Amino acid sequence: MADIETPAPFKVAKINPQMVSKGKKGQSLFRTDILGTTVQVVTEGGETNLHAHAGSDATWLVIAGQASFYGEGDQLVAKLDKNDMLMIPRGTPYWFESSSKEPLVDRKSVV
C-alpha cells in the first residue's frame with residue numbers, strides 16, 4: 001500500500017490475518033451501520049451449526065484454502081477455492097467448514 005494519507009470518509013485496511021495452528025481466528029476490517037467486513041483463518045471446522053442472518057446479506061471470498069458451504073439438510077451448495085466468492089441472501093440458512101489441508105483464509109462481508 002502506498003504511503004499516502006487517505007482522506008475521510010474513505011478507509012483502507014491491510015489484510016494481514018493471524019495464522020493459527022488450530023481453530024479459528026478473526027480480524028474485523030471495517031464496521032459501519034450497514035456493513036461489516038472480517039477476515040478469518042480457519043484450520044478446522046468453521047461455522048458448523050445451521051444458521052441464518054435475518055437482517056443482512058453476506059458475501060464470502062476465499063483468499064486461501066477451500067471452504068464448503070451447506071444448506072438445509074446438509075446439502076452441499078458450494079465448494080469455494082482461492083478467489084471464489086459466494087453471496088448468501090438474508091434469511092438463507094447455511095453453515096460452512098474448511099475443506100482442505102491448507103488453512104482457510106476468507107473475507108466475509110455482511111450488509
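Predicted model: local features only at pLDDT ≥ 70, side-chain atom pairs only at ≥ 80, totals over all residues.
Start with Trp60: its bridge partner in β7 is Leu86.

Zoom out and you get an open sheet of five strands, ordered β1-β2-β9-β4-β7, with antiparallel pairing. At the edges sit β1 (24-31) and β7 (85-88), each pairing on one side only. On average, neighbouring strands here are turned by 20° against each other, ignoring direction.

## Arg107, a buried charge

Now look at strand β9 (residues 104-110), which is where Arg107 is found. Arg107 is buried, yet it has no salt bridge. The nearest side chain of opposite charge belongs to Asp106, and that one is 8.0 Å away. What Arg107 does have is a polar contact, side chain to side chain, with Ser109 at 2.6 Å.

Which residues does Arg107 touch beyond its neighbours within four places in sequence? The list is Leu29, Thr37, Thr38, Val39, Thr59, Trp60, Leu61, Ile63 and Met85.

## Gln75, out in a loop

For another setting, go to the loop between β5 (67-70) and β6 (76-80), the place of Gln75. Is Gln75 buried or exposed? It's exposed, because its relative accessible area is 53%, and the cut-off for exposed is over 50%.

Leaving aside neighbours within four places in sequence, Gln75 is in contact with Phe69 and Tyr70. Asp3, 72 residues apart from Gln75 along the chain, has its C-alpha atom 46 Å from that of Gln75.

Technical notes: Residues numbered from 1 in each chain as written. Heavy atoms only, no water. Pairing = 2+ DSSP bridges. Helix = DSSP H or I, 4+ residues; strand = E, 2+ residues; numbered from the N terminus. Axes fitted to C-alpha atoms, helices over the stretch in contact; angles between N-to-C directions. Buried < 20%, exposed > 50% of the residue type's maximum accessible area, 1.4 Å probe, protein only. Lys, Arg positive; Asp, Glu negative; His and termini not counted. Salt bridge = Lys/Arg side-chain N within 4 Å of Asp/Glu carboxyl O. Polar contact = N/O pair within 3.5 Å; in protein donor to acceptor, adjacent residues only side chain to side chain. Contact = heavy atoms within 4.5 Å.
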